Amino acid sequence: EVNILWAAHQVHHSSEDYNLFTALRQSVLQKYTSWMFNLPMALFIPPSVFAVHLQFNLLYQFWIHTEVITKLGPLEWILNTPSHHRVHHGRNPYCIDKNYGGTLIIWDRIFGTFEAEDAKVVYGLTHPVNSFDPIMLQLRPLAHIWNTFWATPGFCNKLSVIFKGPGWGPGKPRLGLPEEIPVITGKEVPFNPPVPAYLNCYALVHFAIIVDLYTELLASISMLSQGAVLLRIGFIILSLASFGLLMENKSKAGILEIIRCLVFIGVYKLGYFRSQFSFLSYAYEV
């Protein structure tokens with residue numbers, strides 16, 4: 001309900017599928033905004049209790065990202081369940097700004113933001129990004145706020161662009177006009193450009209390599225220099241962006257992928273990348 005905070009969280013909602021991987025789809029910016037919700041607890045709760053509570057709260061919210069589980073009977077009155085959270089992730093008009101709870105749904109029932117699952121939920125953003133590029137997914141809402149901020153006249157209106165709802169505009173209520181939310185027909189098709197089978201296989205193999213390199217980075221991060229860590233992170237981000245463009249069938253994706261592979265060969269031969277599995281070194285270079 002606050003535009004700048006939504007910009008830091010919308011990556012999690014941008015998925016047009018709803019499964020356990022959606023739970024892991026998080027924004028790089030959210031850590032810079034979530035602290036303000038936790039800070040008041042520092043006045044009452046010991047840090048050790050808070051740390052345990054925070055981890056349990058996060059773990060609980062993982063399993064509710066599924067379409068496999070339907071209803072859970074009486075538990076639906078107390079706990080945030082897959083059914084309730086599906087509504088939270090929907091872009092149907094009846095789903096907008098509903099079911100904010102993490103573990104418990106009682107707060108939404110108390111404060112009037114609860115909505116039961118009804119019509120088929122269509123997942124994603126009201127205005128889909130239609131891209132697999134992770135960099136664009138992260139930065140697009142900030143760019144939109146920036147452009148809207150400068151295009152909106154009046155100092156108070158500019159502040160409202162930042163601190164009121166994403167649908168707000170001059171003369172509108174704080175959360176915008178409900179009738180401006182795009183109509184959902186139930187026939188919406190998730191963004192999924194057709195790509196050849198060999199390209200899917202290629203991306204899958206290279207993604208597995210990146211996961212291996214990322215896991216090795218986590219295991220050895222304390223022994224690496226800051227420059228080496230940044231180099232590896234930069235290459236991982238470049239790889240994910242390249243895979244996204246390949247899956248979109250972009251005309252220039254091949255050029256970026258050739259550059260990425262050449263960079264990989266260079267840094268791998270220089271020893272800046274290492275696999276957890278030494279027997280795969282030659283296969284990686286191939």
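Tutor: A salt bridge here is a side-chain nitrogen of Lys or Arg within 4 Å of a carboxyl oxygen of Asp or Glu. Side chains of opposite charge can pair when their charged atoms come close. Keep in mind that this is a predicted model, with a pLDDT that averages 91 over the protein. The residues at 70 or above make up 100%.

The structure has 7 salt bridges, so let's walk through some of them, using the cut-off that buried means under 20% relative accessible area and exposed over 50%. Start with K172 and E180, whose side chains meet with N and O 2.8 Å apart. K172 has a relative accessible area of 28%, so it counts as partly exposed. E180 is partly exposed too, at 40%.

Next, look at E216 and R232, where the closest N and O atoms are 2.6 Å apart.

Now move on to R260 and E257, another salt bridge, with 2.8 Å between the closest N and O atoms. This pair sits within helix α11 (residues 253-269), and because the two residues are 3 apart, about one helical turn separates them. R260 and E257 are both buried as well.

Note on methods
Residues numbered from 1 in each chain as written. Predicted model: local features only at pLDDT ≥ 70, side-chain atom pairs only at ≥ 80, totals over all residues. Heavy atoms only, no water. pLDDT = per-residue confidence, 0-100. Buried < 20%, exposed > 50% of the residue type's maximum accessible area, 1.4 Å probe, protein only. Helix = DSSP H or I, 4+ residues; strand = E, 2+ residues; numbered from the N terminus.
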